[in-house]
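Subject: Structure for you to look at

Hello,

Here is the structure I said I would pass on. Please open it next to this message and follow along as you read.

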Amino acid sequence: MDPLKIGHVIGVEGDRVEVQITVSNLCLEYHGTTYRVGRLGTYVTLPVGKSMLVGYVTRVGATGELEPLPDPGSPRRVTMTVQLLGTVRDGKFRRGVSEYPTLGDPVRLGVDEDFELIFGSFEEQAGGQVQERSFSLGRFAVDVDFEVRVLGKEFFAKHVAVMGNSGSGKSVTTAKIIHEVLRLPHTQIVLFDMHGEYLAAFSDEHGRPLSNVTYLSDQNLVLPYWMLRYEEFEHLFMDTSNPVNVNAQRFFLREALEKLKRPAAEELGLLTEYTIDTPVYYSIEHLKTYAENMNEARFVLGSENYAFSRLAYRQLPPEKQQQMLLTRRMEFNRGNAEGEIPHATYYGRLLGLVNQIQTRLNDRRYDFLLRPFEQARRNPALGQVLRPDCTPGEASRACAAIIRQMLGQTHPRRNLTIIDLSGLPFDVVDITVAVVTRMLFDFSIWSPPEHRQPLVLVYEEAHNYLPRRDRDGRMFAREAVERVAREGRKYGVALMVVSQRPSEISETILSQCNSMVLMRMNNPDDQHYAARVVSEQFRSLIDLLPGLQPGEGFIIGDSVMMPMHTLIDLPPRLPRSGDVDFFGLWSRGTSSADVEQILDRWWRQDRGAPHRAAPERTATPSAAPADATPAAQSRPSKSEAERRLAELAALLSRRSGGPEAA
């Protein structure tokens, strides 16, 4: 009698098999190990001719009526549903089933010998070079003696998705995957970090990025505005509050960008090729100046000359006048001056555009985009190539240094680039992701195949900027990433999408992900959506996701032999994504916060500088009497008042030409 037989087949539907359990004891001893029969997520085998089918348990239940008693006794029939995964033939496991069981065929419990055969087949599939072709993710949940390894080529080449609830271990799993592949000397990964979590996972004990990591935040990220496409620039700067002015602003921007980009295009020899979307330098200050001028522009009646308030300027050739409008603030007569006519398209309709540009320029959070020369001074790799005194062509060519830094082509070589989006204004996150994605993908497309470096783009918290449903306006990041999802593998660019809300992510992107790490997922909408984008063979796995523990997941796709129920190993250092221990901190307490220092960081939008001291104060609130008014608290002491009076007297004496002036 077969000691591992636990039941027989009572129904077959496609690759699902219904099994009746025939053993009375659901705890089976075999070679000193106790196995549980009929446990969800465990594996069974079905001998069929010269082959053996392997499947996993997705449902267990009892059929038939139970006695209506407090202790009704054993159920009349215990059944389970098994999802078929693959076939063992000639001692080798292969995914897929070509021969199906029939009614009455025996069903055996999956044990260590079966797992050894499956994992041994994986090593054979890796060509005997497991370490070079694969990486470790964790331990097999059914038997932790087995290490779960993933084929690197198959895992990344057809895109990856890591999905699960908040707190299920997505960030740790993502960090583990990246840590493993960074062991290879020429790995290249660009990670979009939505909440500033991952620097902690890839830094030393002092918080400094590792030597093979480039960390770019709002403090040193440089993404010049001239790299935006026209639609992206329009989305950021055009004032849509008054629909009457929208077309005028749109016509102006197209005309202005074409004129302002011309000097750079001429220097680069692109006069016949450049368009308003060509990423070459132009001055945004000149754009604002031109908009201010054209908002007030008038023509001399019956001519093409502009009616400047200074008569001498009215006589200049139109080309010279146009150059002055582009580069300097010009004055026009106010009111309805005789013999002048306002500009028919732009007059009085560009003020909203001017205000939008000025508002963005005044917001220091946009420095990475709108003040690239200042920002480059904080970035050692770019400070020498992006200088205020460089020519339009030189500023345009600085794009090469930006790409080189993001692709780690520096000294020393950097394998991981973390782009921390947490300090950027939320309304520009979408465009930032779009520009970087498009820039790196286009670079790969135009690279000769022999020089093409494989690249993985990791989108953390992807539901924030890769939405499934349309939102107001264009979704530039989604368009760029969908293009990579469809075409990336042909050019060596892969995606890794990480999200706690898969139901809110573009279906075009998720459906292109061949490999998935599915972690705990309780939301029915997310479960249903995930079931739609995974292979039909693996849809029954979705029902098992709510019961998973943090750090536990199923790995599916061509990179593993079969769906691997895996306990994910921890990376060497964890991302800063753990849950806050409310009760622990409420019990132990925390160190007193310096509210003034935190407020100063808030004003400066500088979350990365906790060491920065707050401005010195002449007196602290605790030094003032409890009933003192703010004016009294800020009133200088007697000696301080005397000093100020002396300074004022000296100043007055100098202005009046008294003795102090000599």
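This is a predicted model, and it holds 26 aromatic pairs. One of them is formed by tyrosine 43 and tyrosine 56: the ring centres are 6.3 Å apart and the planes meet at 55°, so this pair counts as tilted. Tyrosine 43 belongs to strand 5 (residues 43-48) and tyrosine 56 to strand 6 (residues 51-63), and the pair links distant parts of the chain, 13 residues apart. Both tyrosine 43 and tyrosine 56 are buried.

Another tilted pair joins tryptophan 226 and phenylalanine 373, with 6.1 Å from centre to centre and 40° between the planes. Tryptophan 226 sits in the loop between strand 14 (213-216) and helix 5 (230-237), while phenylalanine 373 is in helix 13 (residues 372-376), so the pair ties together parts that lie 147 residues apart in sequence.

Are these two residues buried or exposed? The cut-off for buried is under 20% relative accessible area. Tryptophan 226 has 1% relative accessibility and therefore counts as buried. Phenylalanine 373 has 17%, so phenylalanine 373 counts as buried too.

Tryptophan 226 and phenylalanine 373 also belong to one aromatic cluster, together with Tyr225, Phe233, Phe237, Tyr281 and Tyr282. Elsewhere on the list of ring features, arginine 254 lies over the face of tyrosine 230, at 4.2 Å from the ring centre.

In soluble globular proteins, nonpolar side chains tend to be buried together. The largest nonpolar core here has 159 residues, and Phe202, Phe252, Leu287, Met406, Leu440 and Tyr459 have the most contacts inside it. Helix 15 (residues 426-446) gives the most to this core, with 11 residues. Apart from this core lies another, of 22 residues, with Leu4, Val19, Val57 and Val107 among them.

Leaving aside neighbours within four places in sequence, its contacts include Ala175, Ile178, His179, Leu182, Leu416 and Ile418.

Last, the confidence. The mean pLDDT of the chain is 86, and 87% of its residues reach 70 or more. Over residues 609-638 pLDDT stays under 50, and the model has 17 contacts beyond four places in sequence for them. Residues 655-662 also stay under 50, with 6 such contacts. Where pLDDT is low, the predicted coordinates should not be read in detail.

Regards

Note on methods:
Residues numbered from 1 in each chain as written. Predicted model: local features only at pLDDT ≥ 70, side-chain atom pairs only at ≥ 80, totals over all residues. Heavy atoms only, no water. pLDDT = per-residue confidence, 0-100. Contact = heavy atoms within 4.5 Å. Core = buried A, V, L, I, M, F, W, Y, C linked by side-chain atoms within 4.5 Å. Buried < 20%, exposed > 50% of the residue type's maximum accessible area, 1.4 Å probe, protein only. Helix = DSSP H or I, 4+ residues; strand = E, 2+ residues; numbered from the N terminus. Phe/Tyr/Trp six-rings, centres within 6.5 Å; stacked < 30°, edge-to-face > 60°. Lys NZ or Arg CZ within 6 Å of the ring centre and 35° of its normal.
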